[in-house]
Amino acid sequence: MLRRSAALPLLLALLSIAAPPLAAEAPTYLLPPDPIPRILDAPPSPGLSLSPDRGFLLLTEREGLPPIARLAEPELRLAGLRFHPRSNGPSRRLHGTALALVSVEDGSRREVELPGDFLVSASAWSPDGARVALARTLDEGIELWILERDSGEVRRLLGPVLNALLGEPFQWDSDGRSLYVRRIPPDRGEAPAPPAVPAGPLVEESSGRAQPARTYQDLLASPHDEALFDHYATSEWVRLSVADGAVEPVLPAGIWAGLEPSPDGSHLLATRYKRPYSYQTPLYTFPREIVVVDRSGRLVHRLVDRTEATPPPIGRDMVLSGPREIQWRADAPATLVWTEAADGGDARAEAVVRDRVLMHAAPFNGDPTLLVELDQRFASANWGRGDLALVRSAWKSDSRTRTWIVRPDEPGEPRLLFDHSLEDRYANPGIPLSEPAGNGHRLLLFDGGGDAIFLAGEGASPAGVHPFLDRVVLDGGKSERLWQCEDPRYESVAALLSVADRRILTRRESAEEPPNYFVRELGGGEARALTDFPDPAPELAGLRRELLTYTRADGVPLSGVLLTPPGYEPGRDGPLPLLLWAYPREYRDAAAAGQVSESPHRFSRPVGASHLFLLTQGFAILDGPAMPIVGEGDTEPNDSYREQLVASATAAVEKVVGMGVAERGRIAVGGHSYGAFMAANLLAHSDLFCAGIARSGAFNRTLTPFGFQAEPRSFWEAPDTYLGMSPFAHADKIRRPLLLIHGAEDDNAGTFPMQSERLYQAVAGHGGTVRLVMLPHESHGYQARESVLHALAEMVAWMERHAKGRP
């Protein structure tokens with residue numbers, strides 16, 4: 001039931017009733033005040049995908065928030081996955097509803113005529129850009145369709161038999177003439193029925209070997225769960241001709257995950273999960289094989305064969321032993337590349353070499369070739385040609401990262417290109433640009449006869465964020481700034497369309513202009529618009545967005561973005577009730593902790609359950625103020641979490657009060673997930689805020705005993721830190737009103753719904769003012785229209801009652 005005109009007054013009245021602490025209200029969905037529902041129902045901006053030949057954009061119109069009835073549909077939760085048993089695809093996915101093709105050359109747009117009720121759950125351009133593969137989700141399954149770029153026609157290639165449980169259900173072959181499809185085996189029968197009578201108790205035993213793991217949800221819990229998982233996850237890979245739909249079998253029935261063709265199409269890299277399954281960890285930790293097969297499916301090489309569940313080690317820079325980060329070398333016909341830890345995966349061990357990157361070319365005889373030894377962990381590789389590739393490494397323990405130039409065809413001593421802090425935004429040189437190689441892989445984009453590459457970066461500085469495009473000469477690393485965004489807009493590089501013509505595709509926005517895509521000539525001239533997406537919330541036109549900088553008491557520089565409602569003038573209108581909405585982050589580098597990471601020229605409009613909707617009700621928002629938790633050397637950041645958190649919040653409050661935008665007694669604090677954890681802590685350990693909003697948080701760290709966020713230690717290694725950080729342990733100190741909102745089916749690691757339920761009981765038990773809202777069927781992020789509207793109604797009512805008119 002959706003109540004409209006009386007929703008907010010009713011909620012305010014309910015909040016004013018002095019009810020017993022554990023009294024429950026009759027379930028009903030409420031609406032927030034106008035114009036929030038109207039803005040929320042505005043069509044979302046389309047998704048965009050550039051064709052491999054960089055000639056066309058595929059625009060995908062997306063559906064709005066689904067009704068709660070969709071979330072209430074039958075859903076299975078197994079091995080860390082949530083899926084619809086009828087469609088054999090992931091549940092809670094939003095779909096595309098319409099498609100259009102836009103020419104990059106002249107901006108002309110052609111709508112694609114789709115059959116009625118066509119819901120696109122996945123799309124992928126062919127390597128040559130001539131076609132787009134589409135997954136169409138129906139109630140009874142997922143179909144494969146083909147969109148012809150030149151004609152705009154669509155046709156069905158395969159009926160509702162695709163299996164999308166373990167990822168996207170198709171992959172283009174390297175030649176673009178066929179698709180590899182993961183489908184449900186034709187002989188699959190009915191799903192196994194649950195046993196009418198249990199065969200006996202469920203028993204688990206550990207043999208004495210330590211295997212710490214984070215807390216996970218939706219795990220297997222019984223033999224029947226295992227049987228269900230086998231039934232729905234089992235698939236087979238086939239090759240499907242785009243021309244006539246002819247089917248060739250490739251891999252027999254199994255628990256197959258991804259499949260990737262080699263650049264020349266001669267071999268396939270595939271992953272298969274197998275028993276015994278784990279009841280303690282999700283799918284990605286299960287025993288598995290990673291194999292190379294030829295085009296017919298014949299086994300050529302087995303690279304990984306794990307026979308037991310292997311959760312990732314806990315701690316900074318800790319990794320599993322054995323091959324990892326397995327990939328094809330994009331500039332070679334069929335060469336595998338992978339990384340192995342030289343220190344056994346133990347970052348605490350003394351070692352000069354941490355990781356080795358190895359190569360092995362088809363037919364995979366003999367020993368692999370060493371590409372490079374690293375004194376950090378392998379992070380990524382950008383392939384270019386036989387005499388040049390980039391390998392990036394990182395070491396989180398000291399927050400450093402390096403980029404090396406290597407020669408894949410003649411491995412030797414690597415050359416250092418970049419060396420900087422992982423956390424230093426100001427020194428970040430950017431990301432190397434690549435281009436499609438015409439076979440489904442990507443290669444470095446070269447310039448100047450191959451002696452230079454292009455880097456695109458965010459361009460952070462004390463003055464804000466100004467994205468850029470650089471040309472970097474590889475011999476010596478000298479860079480040339482080709483283009484950089486200028487105020488009063490925020491514009492970033494989406495793609496380099498033409499090296500010869502110096503033409504780029506950018507995404508541009510400003511405080512008043514919604515994000516749209518433009519073609520820009522680097523030599524000068526006006527940018528040409530390719531899209532014209534409208535403002536989804538014209539009611540917020542004229543809101544003020546201001547970048548604030550200030551300093552914490554210990555000297556750490558901080559920043560945040562202040563948003564005020566349209567028409568507001570501080571000197572004329574006086575202070576507003578304000579919500580500080582933030583998310584703390586850990587740092588190993590104090591110099592980088594307070595660096596500016598935002599621009600005042602971004603387009604700010606709320607979507608989903610965004611706190612920015614409060615701007616429509618006369619509240620100011622301090623959005624994303626920096627809350628750095630710093631620990632350098634042997635000092636862990638969280639050992640002084642509370643002190644640093646309060647210090648950062650104090651500096652933020654002093655800044656907005658000093659500006660005259662807010663006043664003490666009418667400033668509330670809020671956050672989602674780890675931000676909710678922050679909000680509860682600030683209510684417990686400071687008197688800065690009049691109220692708090694904590695959504696989907698974890699408040700008792702003893703329930704996440706093997707680490708959380710970037711904390712590398714377990715509860716037993718740092719009990720004082722775990723307890724000192726836990727708002728639950730200090731619930732008796734939470735005397736300011738606290739609104740708790742949580743998805744009743746939260747699937748995020750650590751943020752079990754019980755976390756909010758127990759904090760509610762603890763605060764209420766000590767006489768605090770607290771309200772608990774559990775949203776049916778919702779997970780960590782709220783999705784149903786009714787749920788989002790209700791959460792916003794609760795937030796508005798809480799702020800109206802506890803922040804407005806209460807100096």
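1. Let's begin with the lining of the second largest cavity, which divides into one nonpolar, three polar and four charged residues. Here Ala, Val, Leu, Ile, Met, Phe, Trp, Tyr, Cys and Pro count as nonpolar, Asp, Glu, Lys and Arg as charged, and the others, Gly among them, as polar. The lining residues are Arg 70, Leu 71, Glu 73, Glu 75, His 84, Ser 91, Arg 92 and Gln 783. This is a predicted model, in which local features need pLDDT of at least 70 and side-chain atom pairs count only at pLDDT 80 or more, while totals for chains, interfaces and linings use all residues. Residues are numbered from 1 along each chain as its sequence is written, and side-chain values use heavy atoms, with hydrogens and water left out.

2. How much space does that cavity hold? The second largest cavity has a volume of about 50 Å³, and the structure holds two cavities of 30 Å³ or more. Rolling a probe the size of a water molecule over the atoms shows where empty space is left. On a 1 Å grid over the protein atoms alone, a cavity is a set of points where a 1.4 Å probe fits but cannot get out; a pocket is an open set with protein on both sides within 12 Å along at least five of seven lines; and lining residues have an atom within 4 Å of a point. Grid points are joined across faces, edges and corners, and a volume is the space filled by probe spheres set on the points.

3. Now for a pocket. The second largest pocket has about 820 Å³ of space. Its lining has 30 residues, and Pro 313, Ile 314, Gly 315, Met 318 and Arg 348 lie nearest the centre. Sorted by class, this lining has 13 nonpolar, seven polar and ten charged residues.

4. Next, have a look at strand 48 (residues 667–672), where six of six residues are buried. Buried means under 20% relative accessible area, exposed over 50%, and partly exposed in between (1.4 Å probe, protein chains only). Helices (H or I, at least four residues) and strands (E, at least two) are DSSP runs, numbered from the N terminus. Both faces of strand 48 are covered, with Ile 667, Val 669 and Gly 671 on one side and Ala 668, Gly 670 and His 672 on the other.

5. Which strands pair with strand 48? Strand 44 (residues 578–581) pairs with strand 48 in the parallel sense over four bridges, and strand 49 (residues 691–695) pairs with strand 48, also parallel, over five bridges. Two strands pair if DSSP finds at least two bridges between them.

6. Helix 7 (residues 641–659) has 19 residues and reaches 27 Å from its first C-alpha to its last, close to the 27 Å expected at 1.5 Å a residue; the expected span is 1.5 Å times one less than the number of residues. Among the buried residues of helix 7 are Tyr 641, Leu 645 and Val 656. Gly 660 follows helix 7 and has a positive phi, near 80°.

7. Helix 8 (residues 674–685) has twelve residues and reaches 16 Å from its first C-alpha to its last, close to the 16 Å expected. Twelve of the twelve residues of helix 8 are buried, so this helix is largely enclosed by the rest of the structure.

8. An open sheet of seven strands runs in the order 14-15-16-17-18-19-20, with antiparallel pairing. Strand 14 (170–172) and strand 20 (299–305) are the edge strands, each pairing on one side only. Inside this sheet, strand 15 (residues 178–183) and strand 16 (residues 235–241) pair over six bridges, and Tyr 180 has Arg 239 as its bridge partner in strand 16.

9. Another open sheet has four strands in the order 38-39-40-41, with antiparallel pairing. Strand 38 (489–498) and strand 41 (528–529) stand at the edges with a single partner strand each, so one side of each is left without a neighbour in the sheet. Two bridges join strand 40 (residues 516–521) to strand 41, and Phe 518 stands opposite Ala 529.
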